[in-house]
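This briefing is intended to be read alongside the sequence and the model.

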Amino acid sequence: MVEFAPLFVPWERRLQTFVVLQWVSSFLAMGLLFTRFWIFSILYAIWWYVDRAKPWQGGRQSDVLRHWVIRRYMKDCFPISLVKTANLDPSRNYLTGFHPHGIGVIGAFTNLCTESTGFSSVFLGICSHLMMLNLWELPAAGGGLVSADKESAAHILSRKESINLLSILVGGVQEALNARPGAYKLVLLNHKGFIRLDLMHALMPIFSFGENDIFDQVENSPSSWLRWFQDRLHKSTRGSIPLFYSCGVFQFSFGLMPCHRPITTVVEKPTEVQKTPHCSQEEVDRLHQRYMQELENLFEAHKLKNNVSID
């Protein structure tokens, strides 16, 4: 039985749906190449090629685009909120791990690449950046999106003209393949590259409750043919394709629109680490273990407030 949306809804709710639809459509831009809307894929490809170096050079930061009013409609649609547990010192750079990756990274983008939840007023003097595959530069252009590699991270964290918070989606696409409502399966145990950078900066985890609840995806257990294909694609391209689904625009039974469920992103207080330019593997392992423990503590401290009932 198809559950249709109400015929009459408030105008503001229609605007919220339209803004989120625009966001989802921008990620599907390349898929339009084989439809009558192929021109949008071509324009996207041209932009990506012309601007291909920018994600390695700090990306684009535009106060106008970060404060763009339509971002507020996107925030209110779910709604999305930002919670801090401590003040940050606006005289140093921060490197954070963002968990979980989810599908669409809507909570990460809204909180860290826009001002709809008031990042700059919550963390005074801090300039926020989010690392993602630079293929997705256009959907978040102007918000602080940068390429997910060491060169890009080094560029941001060595800047003298601003104080920066650089967030890494640690679990990457592999984690997105596990994202589904009610589940928080992180890919972290063998991901230690970001820890070497943390040994030069403050160690700080971020956990986004509800990030996995807005989309479901086709069954892709580790033994399935779909997961085999997705893993192969990831090994060869660094990317993959979660076959996600959720709601529609005019009905709630099936579609590619995210469900309207709350997302709460909690920024944990930073932990001081001794700066170590040339760290040993033992030091990396020790700090990685400490990071996982602090991430678990963050999750346990806030899960009941965010209606998480898993053990």
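In this predicted model, strand β5 is covered on both faces: Ile163, Leu165, Ser167 and Leu169 are buried on one side, and Asn164, Leu166 and Ile168 are buried on the other. Seven of the seven residues of β5 are buried, so the strand is largely enclosed by the rest of the structure. In a regular strand, side chains alternate between the two faces of the sheet.

**Neighbours of β5**

- β5 pairs with β2 in the parallel sense, over five bridges.
- Within that pairing, Leu169 of β5 stands opposite Phe98.
- β5 also runs parallel to β3, and six bridges join the two strands.
- Asn164, one of the buried residues of β5, is the bridge partner of Cys127.
- Helix α7 (residues 150-157) lies across β2, β3 (126-132), β4 and β5 (163-169), and runs at about 160° to β5.

- Strand β2 (residues 94-99) pairs with strand β6 (residues 202-209) in the parallel sense over six bridges.
- Pro205 in β6 stands opposite Gly97.
- The pairing of β6 with strand β9 (residues 263-267) is antiparallel and extends over four bridges.
- Phe209 has Thr264 in β9 as its bridge partner.

**The sheet as a whole**

- Seven strands form an open sheet with mixed pairing, in the order β1-β9-β6-β2-β5-β3-β4.
- β1 (80-84) and β4 (145-147) are the edge strands, each pairing on one side only.
- On average, neighbouring strands of this sheet are turned by 25° against each other, direction ignored.

- Asn306 is found in the segment after α11 (281-302).
- A polar atom of the Asn306 side chain lies 2.7 Å from the backbone oxygen of His302.
- Leaving aside neighbours within four places in sequence, Asn306 is in contact with Phe209 and Thr264. These two residues are bridge partners, with Thr264 located in β9.

**Cysteines**

- A disulfide is a covalent bond between the sulfur atoms of two cysteines.
- The count of disulfides in this model is zero.
- Cys77 is in no disulfide, and the nearest cysteine sulfur, that of Cys247, is 9.9 Å away.
- Cys77 is buried, with a relative accessible area of 2%.
- Cys259 is also buried, with a relative accessible area of 12%. This value counts as buried because the cut-off is under 20% relative accessible area.

**The chain overall**

- The secondary structure of the protein chain comes to 11 helices and nine strands.
- Of the 311 residues in the protein chain, 49% are buried.
- Among contacts between residues at least 6 apart in sequence, 79% join residues at least 24 apart.
- The protein chain exposes about 15900 Å², of which carbon and sulfur atoms supply 62%.

Notes. Residues numbered from 1 in each chain as written. Predicted model: local features only at pLDDT ≥ 70, side-chain atom pairs only at ≥ 80, totals over all residues. Heavy atoms only, no water. Polar contact = N/O pair within 3.5 Å; in protein donor to acceptor, adjacent residues only side chain to side chain. Contact = heavy atoms within 4.5 Å. Buried < 20%, exposed > 50% of the residue type's maximum accessible area, 1.4 Å probe, protein only. Areas by Shrake-Rupley, 256 points an atom, 1.4 Å probe, with all protein chains shown as cover. Disulfide = S-S within 2.5 Å. Pairing = 2+ DSSP bridges. Axes fitted to C-alpha atoms, helices over the stretch in contact; angles between N-to-C directions.
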